[in-house]
Amino acid sequence: MRLRFSNKEKLKSKKEIDNIFRDNKTAVEYPFKLIYSKSLISPNENKFAIIIPKKKVKKAVLRNRLKRLVFESIRVAKNNLAKKGYNIIIIYIGDIGEYKYSYVYKKLRKLLDKFMKKIEK
């Protein structure tokens, strides 16, 4: 099984993104917020998008590093997601702080667990 994070798994469709914000189903694990909805186009795979606001993290170098850490954490944890066919946006809501991989992975793992509990209801 490949652990790659391919372009097919990145959420790019404006229609899908608008649908996510319209449904507004969320889960929060500080410093991340997850917004999700059922996919309209691809029911067989989960798609992800990452938002790191410039207002929260001013320097582009730090924003890009945080994005890479988040994508890497998702890449490793995505196989544990039992349900498929969701579009997921992860938004950074924290202030400048911890940018270590272990911290980001731990927080995203908790966030994805909360997401799984919500969709199982």
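Y103 lies in helix α3, where helices (H or I, at least four residues) and strands (E, at least two) are DSSP runs numbered from the N terminus. At 23% relative accessibility, Y103 counts as partly exposed, because that class lies between buried, under 20% relative accessible area, and exposed, over 50%, with a 1.4 Å probe and protein chains only. The C-alpha atoms of Y103 and L69 are separated by 9.8 Å, although the two residues are 34 apart along the chain.

This is a predicted model, in which local features need pLDDT of at least 70 and side-chain atom pairs count only at pLDDT 80 or more, while totals for chains, interfaces and linings use all residues. Residues are numbered from 1 along each chain as its sequence is written, and side-chain values use heavy atoms, with hydrogens and water left out.

Helix α3 itself covers residues 101–120, and its 20 residues reach 28 Å from the first C-alpha to the last, close to the 28 Å expected at 1.5 Å a residue, the expected span being 1.5 Å times one less than the number of residues. Within α3, V104, K107, L108, L111, L112, F115, M116 and I119 are buried, and the buried residues of this helix pack against β1 (25–29), β2 (32–38), α2 (60–77) and β4 (86–92).

K83 lies in the loop between α2 and β4 and, at 37% relative accessibility, counts as partly exposed. Leaving aside neighbours within four places in sequence, K83 is in contact (heavy atoms within 4.5 Å) with N46, M116, I119 and E120.
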